Amino acid sequence: MNQKLTHTRNSLPEKIRIEVVALLQERLADSIDLMMQAKQAHWNVKGPNFIALHGLFDKVFTDTVNYMDLLAERIVQLGGAAEGTLRVAAGRSCMPEYPLGITSASKHIAELAHEIAFFGEMIRKGAALCTQLEDADTVDILTEISRHADGNLWFVEAHEQAEC
């Protein structure tokens with residue numbers, strides 16, 4: 001992706017802004033993918049803990065919508081254009097494929113926990129790169145997203161651990 005940036009008075013050098021925007025476009029795609037994976041689990045979960053999991057998976061969905069907004073707004077602040085359509089996200093996402101056809105609570109819990117953990121890892125790697133690039137504001141945003149993703153991972157894994 002070679003995106004031309006719009007003019008901004010942001011003091012980060014253009015070379016750094018281009019690199020950060022490219023990174024954020026990838027994480028935006030990942031967040032769109034994770035959002036829909038959470039909805040997939042939300043729509044299809046079955047079992048005795050249905051109502052609790054249905055609500056939890058919807059919380060993961062809602063929180064991920066907030067991540068998307070933070071990422072997209074930072075892209076635009078840096079002079080980029082947020083590329084957030086489903087088609088773009090499908091081609092750009094690094095997230096593992098969520099298996100269709102699962103309905104059991106335990107399988108959705110395990111899969112969504114795996115997906116959230118992977119997402120958190122990618123966000124932390126992005127924060128590390130932005131630290132090297134000396135973009136403290138993007139690091140702050142990615143740290144906030146990581147913290148919330150870890151919270152959701154804890155909630156989902158608590159259901160998994162309860163079944164052990």
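User: Which side chains meet in a salt bridge at 2.9 Å, N to O?

Analyst: In this predicted model, the side chains of Arg74 and Asp135 meet in that salt bridge, with 2.9 Å from N to O. The pair links distant parts of the chain, since Arg74 belongs to helix α2 while Asp135 sits in the loop between α4 (105-132) and α5 (136-162), and the two are 61 residues apart.

User: Is Arg74 buried or exposed, and what about Asp135, buried or exposed?

Analyst: Arg74 has a relative accessible area of 5%, so it counts as buried. Asp135 is at 2% relative accessibility and is therefore buried as well, the cut-off for that label being under 20%.

User: How many salt bridges does a search of the whole structure find?

Analyst: Searching the whole structure gives eight salt bridges. Among the residues involved, Glu26, Arg27 and Asp30 are linked with one another in a network of salt bridges.

User: Which residue does Asp63 form a salt bridge with?

Analyst: Asp63 is paired with Lys59, and the closest N and O atoms of this salt bridge are 2.6 Å apart.

User: Why are those two separated by about one helical turn?

Analyst: Asp63 and Lys59 are four residues apart in helix α2, which spans residues 50-77, and so about one helical turn separates them. As for accessibility, Asp63 counts as buried because its relative accessibility is 16%, whereas Lys59, at 33%, counts as partly exposed.

User: And Lys125, what is its partner in a salt bridge?

Analyst: Lys125 forms a salt bridge with Glu121, where the closest N and O atoms are 3.3 Å apart. These two residues lie four residues apart in helix α4, so they too are separated by about one helical turn. With a relative accessibility of 36%, Glu121 counts as partly exposed.

User: Switching to pockets, what volume does the largest pocket have?

Analyst: The volume of the largest pocket is about 220 Å³. Its lining consists of Ile32, Asp33, Met36, Gln37, Gln40, Leu86, Ala89, Ala90, Glu97, Tyr98 and Leu100. The elements that contribute two or more residues to this lining are α1 (14-44) and α3 (86-92).

User: Which element gives the largest share of that lining?

Analyst: That is α1, from which five residues of the lining come.

User: How do the lining residues divide into nonpolar, polar and charged?

Analyst: The lining of the largest pocket divides into seven nonpolar residues, two polar ones and two charged ones.

User: What about the surface, which residues make a nonpolar patch there?

Analyst: Met36, Trp43 and Leu86 make a nonpolar surface patch of about 320 Å². Met36 and Leu86 are also among the residues that line the largest pocket.

User: Where is Leu86 found, and is Leu86 buried or exposed?

Analyst: Leu86 is found in helix α3, and because its relative accessibility is 55%, it counts as exposed, a label that requires over 50%.

User: How far apart are Glu83 and His42, in sequence and in space?

Analyst: Glu83 and His42 are separated by 41 residues in sequence, and their C-alpha atoms are 26 Å apart in space.

Terms used: Residues numbered from 1 in each chain as written. Predicted model: local features only at pLDDT ≥ 70, side-chain atom pairs only at ≥ 80, totals over all residues. Heavy atoms only, no water. 1 Å grid on protein atoms, 1.4 Å probe; cavity = no way out; pocket = protein on both sides within 12 Å on 5 of 7 lines; lining within 4 Å. Points joined across faces, edges and corners; volume = space filled by probe spheres on them. Nonpolar A, V, L, I, M, F, W, Y, C, P; charged D, E, K, R; others polar. Patch = residues over 30% accessible without salt bridge, like charges linked within 9 Å, V, L, I, M, F, W, Y side chains within 5 Å. Areas by Shrake-Rupley, 256 points an atom, 1.4 Å probe, with all protein chains shown as cover. Salt bridge = Lys/Arg side-chain N within 4 Å of Asp/Glu carboxyl O. Buried < 20%, exposed > 50% of the residue type's maximum accessible area, 1.4 Å probe, protein only.
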